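Me: I have a model open and would like to go through a few parts of it with you. Could you keep the answers plain?

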2 protein chains.
Amino acid sequence: MGRDWPVLSPRATIGILGGGQLGRMIALAAARYGLKTHVFAPDDTSPAFDVATRHTLAAYEDETALAAFAAAVDVVTYEFENVPAATAAFLEAHVPLRPGARALGTTQDRLVEKSFIAGLGIPTAPFEAVDELAGLDAALTVIGRPAVLKTRRFGYDGKGQALIGEATAPAVAWDAIGRAPAILEGFVPFSCEISVVAAHGLDGSFAAFDVCENTHRDHILDVTSVPARLSEATAGAAVAAAKRIADALDYVGVLAVELFVVTGKDGAAIMVNEIAPRVHNSGHWTIEGADTSQFEQHVRAICGWPLGSPRRLGAATMANLIGDDVKAWPTLIAEPGAHLHLYGKRHARPGRKMGHVTRIRPEHG
Amino acid sequence: MGRDWPVLSPRATIGILGGGQLGRMIALAAARYGLKTHVFAPDDTSPAFDVATRHTLAAYEDETALAAFAAAVDVVTYEFENVPAATAAFLEAHVPLRPGARALGTTQDRLVEKSFIAGLGIPTAPFEAVDELAGLDAALTVIGRPAVLKTRRFGYDGKGQALIGEATAPAVAWDAIGRAPAILEGFVPFSCEISVVAAHGLDGSFAAFDVCENTHRDHILDVTSVPARLSEATAGAAVAAAKRIADALDYVGVLAVELFVVTGKDGAAIMVNEIAPRVHNSGHWTIEGADTSQFEQHVRAICGWPLGSPRRLGAATMANLIGDDVKAWPTLIAEPGAHLHLYGKRHARPGRKMGHVTRIRPEHG
């Protein structure tokens, strides 16, 4: 239903499902345009509550709260892909949901997602569905080893994944992921991991930020560097894949496409690993590093406004502050030109994203 | 008392007196560092309420509300210089007030302010105190015509001012400003108006943004351009005056010093016109145009953190959107590279600052 709704005015209220740092940074970007925000989340320590005009503390299944929320906002967006389908459907009956339920439905399930990507003719790792232990044996015969067994739903930051090496008993991997419906993927010997953070406007326009090169630590994004060290052809192929995905999903908003770069004897090839229907950690550098930040761009798209310029302003590196990393804040705040962002979370639990720091170096034209 | 307090942690809460766009942008900058904010203002449509963690809707004279506010925050700052002296004194007894009561006391009264500036050996327009109509006649004899009669207190954006030309009857000017205690200033035939936006840290460090050149429309700031078209010597003299003022006030935070440039046969000279003990409209370009924005810089200073780099990133122009100017938002949001800011005010009354737009052009080194 998205495209039948008019362009929003800057007096509008943006509804945001999810109260983490992504929702917080969307709310901050919306405020810059004069928009009001209303964050809906079930956790009373949600960092996004601190900067939103209003908030609702309720479960995503609470239809009374959802109805009041829908009535109070002009558009609903979300900061995470695991919005329950019933929640999305309920909201979409009352108010524009951007990106729409189709983007959620496609990306919440790794099997649906991989099938969708492959169906567009975009390379992915080889994959097979696994519904039971016997199916895993069969899939391993097709895919070979090493391979990665992943739950179809609710995985993030490496959770719900098990690597199956030459000596791994299938039953051990099956137990490790909780015997949930899964997908077995061939292990990709990638030379690097990259992402395309891009926006698709309500009018079908498309704008990609420069391709990001990502390194992970314990399955969590550690550092993003832009520009990625890629040939123009490889970067172009990655952006083209993101555009094909956004077009096919009739997408409205910012999305991130994570890809592997595989270097073989014929040069570099790309494989799409996963789609995030939302702003993305690897796009945080755009706050200082691009004409328009990914958060502003997302707000523009969901309001039906023209997309902003994604032009990059320099060579950027963004480093996450995870868990106790945040204790370095006094050093980082004193570093000339370093842009420190903290998310207002009280407890620095291991693996928890507490903030990030971006450094921009001028480039010679 | 300011310097006896420890450096704040990013878990702290910043108290902000005043709920307009300056308070709003301070709150947004504080949020970027993970800080919580609490805005205290008497107007229930305050735009800063929309982005603050908490707000108190109360009169500045309400000591019960002030006591609760002081107990809930770790530092208090303000977005306007007309904070009542009793309010400042009450708060300062409970919590650090930054900038302190001395900055307020000096800048709230034009006669005290001009005497302070002149006492530092910094040039100002010639001035005389005027307490009654007879005194105005005497002052005109000293100052000559043209001259400008200004109320000592509560003037802003040209309010409380009357120009006295060759033919103006003193009584007419005296009536025009409401017969309030006043100051008569010699009219300065300036070639341009400039401002220095600078920060003074808790440790006495000083960092100035590049000098701003300002044009006004109906006594309200219209456009700021940076760099100002000044010789290095003139710009240096302006920054040196700002530093002397900040040092003498034992200032903590961002301040703006407005100056006239007068071009005579011996070259350009500066005269300080007024001091704003707060972030300033002419510093809005720093949001996109400098390594650190004036709002981030203010937050750093009042938290006792190191000042950020004030390095300019390009040639900047900032244009205010006043009253109906804001109707141009659909054009501005579509302009590539233009940075549109709207303040979330509902009604575009004439003379009301509704937003601003900043444009940054790369400069050749």
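Me: In strand 3 of chain A, which residue is the bridge partner of A:Ala41?

Reply: The bridge partner of A:Ala41 in strand 3 of chain A is A:Leu57. Before going on, note that this is a predicted model, in which local features need pLDDT of at least 70 and side-chain atom pairs count only at pLDDT 80 or more, while totals for chains, interfaces and linings use all residues. Residues are numbered from 1 along each chain as its sequence is written, chains are lettered from A and ligands numbered from 1 in the order in which they are written, and side-chain values use heavy atoms, with hydrogens and water left out.

Me: How many bridges join strand 2 of chain A to strand 3?

Reply: There are 4 bridges between strand 2 and strand 3 (residues 54-57) of chain A, and the two run parallel. Two strands are taken to pair if DSSP finds at least two bridges between them, and the elements themselves are DSSP runs numbered from the N terminus, with helices being H or I of at least four residues and strands being E of at least two.

Me: And what about strand 1 and strand 2 of chain A, how many bridges there?

Reply: Strand 1 (residues 13-17) and strand 2 of chain A run parallel and are joined by 5 bridges, one of the pairings being that of A:Thr13 with A:Lys36 in strand 2. The chain passes from strand 1 through helix 1 (residues 21-32) to strand 2 of chain A in a right-handed β-α-β crossover, where right-handed means that, with the strands pointing away from the viewer, the path from the first strand over the helix to the second runs clockwise.

Me: Is strand 2 of chain A mostly covered or mostly open?

Reply: Strand 2 (residues 36-41) of chain A is mostly covered, with 5 of its 6 residues buried. Buried here means under 20% relative accessible area, exposed means over 50%, and partly exposed lies in between (1.4 Å probe, protein chains only).

Me: Switching to helix 8 of chain A, which of its residues are buried?

Reply: They are A:Thr234, A:Ala238, A:Ala241, A:Ala242, A:Ile245 and A:Ala246. Seen down the axis of helix 8 of chain A, these buried residues fall within an arc of 135 degrees, so they line one face of the helix; the arc is that of the directions from the helix axis to the C-beta atoms.

Me: What covers that buried side of helix 8 of chain A, and what sits on the face turned away from it?

Reply: The cover over the buried residues of helix 8 of chain A includes helix 5 (110-119), strand 9 (192-200), strand 10 (206-208), strand 13 (253-264) and strand 14 (267-276) of chain A, with contact meaning heavy atoms within 4.5 Å. The face turned away from the buried side carries the exposed residues A:Glu232 and A:Ala233. After helix 8 of chain A comes A:Asp250, whose phi is positive, near 55 degrees.

Me: Where is there a cis peptide bond in chain A?

Reply: A cis peptide bond joins A:Arg98 and A:Pro99, with omega about -5 degrees, and A:Pro99 lies in the loop between helix 3 (85-92) and helix 4 (101-107) of chain A. In chain B, the bond from B:Val226 to B:Pro227 is cis, with omega near 5 degrees.

Me: Is A:Arg179 buried or exposed?

Reply: A:Arg179 is exposed, with a relative accessible area of 55%, and it has a positive phi of about 55 degrees although it is not a glycine. A:Arg179 is found in the loop between helix 7 (170-176) and strand 8 (182-186) of chain A.

Me: Last topic, the two chains: what rotation superposes chain A on chain B?

Reply: A rotation of 180 degrees with 0.0 Å of shift along its axis superposes them, with an RMSD of 0.0 Å, and that is the relation of a two-fold axis. The superposition is by least squares on the C-alpha atoms of residues with pLDDT of at least 70 in both copies. The same surface serves both copies, as 100% of the contact residues of chain A recur in chain B.

Me: Which residue of chain A comes closest to the rotation axis?

Reply: That is A:Val51, whose C-alpha lies at 2.3 Å from the rotation axis.
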